[in-house]
Amino acid sequence: MSTGPSRRKALALAAGAALALSRSAAAAAQLSDVDQLERLLALEQRLQSLYETALERDAVEPGLGETLLEHEREHVRGLEMALRARGRRSPRATVPPPQVGTAFASRPAFARFAIDLETEAVGAYQGVLATIRSTRLLLPLGSIMTSGAQHVVALRQEAGHDLLAPA
Amino acid sequence: MRPVRPRLTRRAALGGAAAVTLASCGGSDPPPTDGPEAGSGAAMLGSLAAFEHAAAAAWGAIGERLRGDARGYARTIRAREERHAERISALIRELGGEPPEGRPPEDYAAQFPLMRNEDEALRFASDLEEQLVRAHLDALQTLPREDQRRAVAEIAAEEAEDLATVYASSGEPAAQLPFVTGSQ
């Protein structure tokens, strides 16, 4: 099966979603803590939706998919709690449903697609950890970031790649 | 699949103690006498750099007990720890400080637990990487500058990847917990 065009399409979808969610590092520095938490929540909701869809379509090994989905639910729950503690009663973050198509065409294709989204989320956390004002959030957000980094390794294993990316 | 929580055994506790000892490897180094001012982050960065030097030496010893893919990953991780030490050292130099230098591997070896086989080596590796994750996440809370926090956050993510690789090399799930603090 040729995955070239499919992968390009999946990456384009991811890039489109990322464009809507992302901010430059400089802009991130100007965002309030609530803005930053909402941005992370949107990324986590997208991942949660991604794994739900992958499980429905058998695009991920069920044990791995259930574990990653449960982690994402915990991340969403934690971020929502942090937002509520800052007076945000109804988080504004919303997430579009995953696009039907190539990302779910096979388990390796899904793993590659999910690696890209998890990597993007880890990068977003790193930006937030560098700039967020509330030092009390650093450890909990850091512990979600490190969980995301481990998701990437699990997905590389699922995709049949080396566990660690080359330097 | 339920998340797997590592069991605490006596051997694990001993390995963990060794990892904690390594984490304090910078403790006997003399404090800087001049250069960066208090609160600059240099002292914390110095501790991290010393820990990374020790971790690189530890991975050299761990790798000697591993075979196959795990041995290759040990080489990769050792090189990553060396790069981390260099990156943190550069931050210290930017502050006008003198980063701690790595010592010869034999100087660290006495602090490693006995590793008679692959299982014991992987247990030590797991303890070591958990301590590295924890040290970097803790450091975030005291570093004042954005570039320092970003570098340490990026390194923490790589340490978490290394920990996941150790889990996978041990036949365990690579991703086990939703919040990875390094103190599981």
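The model here is a predicted one, where local features need pLDDT of at least 70 and side-chain atom pairs count only at pLDDT 80 or more, while totals for chains, interfaces and linings use all residues. Residues are numbered from 1 along each chain as its sequence is written, and chains are lettered from A in the order in which they are written.

Chain A turns out to have six helices and zero strands (DSSP runs of H or I over at least four residues, and of E over at least two, numbered from the N terminus). Of its 167 residues, 44% are buried, that is, with 20 or more other C-beta atoms, placed from the backbone, within 10 Å of their own.

Now to one helix pair. The axes of H5(A), residues 107-131, and H6(A), residues 138-159, come within 9 Å and cross at roughly 160 degrees; axes are lines fitted to C-alpha atoms over the stretch in contact, with angles from 0 to 180 degrees between N-to-C directions. H5(A) and H6(A) are therefore roughly antiparallel to each other. Their contact involves 17 nonpolar, five polar and five charged residues (Asp, Glu, Lys and Arg are charged; Ala, Val, Leu, Ile, Met, Phe, Trp, Tyr, Cys and Pro are nonpolar; the others, Gly among them, are polar).

As for the two chains, 32 residues of chain A meet 29 of chain B, with contact meaning C-beta atoms, placed from the backbone, within 7 Å. On the chain B side, H6(B) gives the largest share, twelve residues.

Key
A residue is buried if 20 or more other C-beta atoms lie within 10 Å of its own, exposed if 12 or fewer, and partly exposed in between; C-beta atoms are placed from the backbone. Angles under 35 degrees count as roughly parallel, over 145 as roughly antiparallel, 65 to 115 as roughly perpendicular and the rest as oblique.
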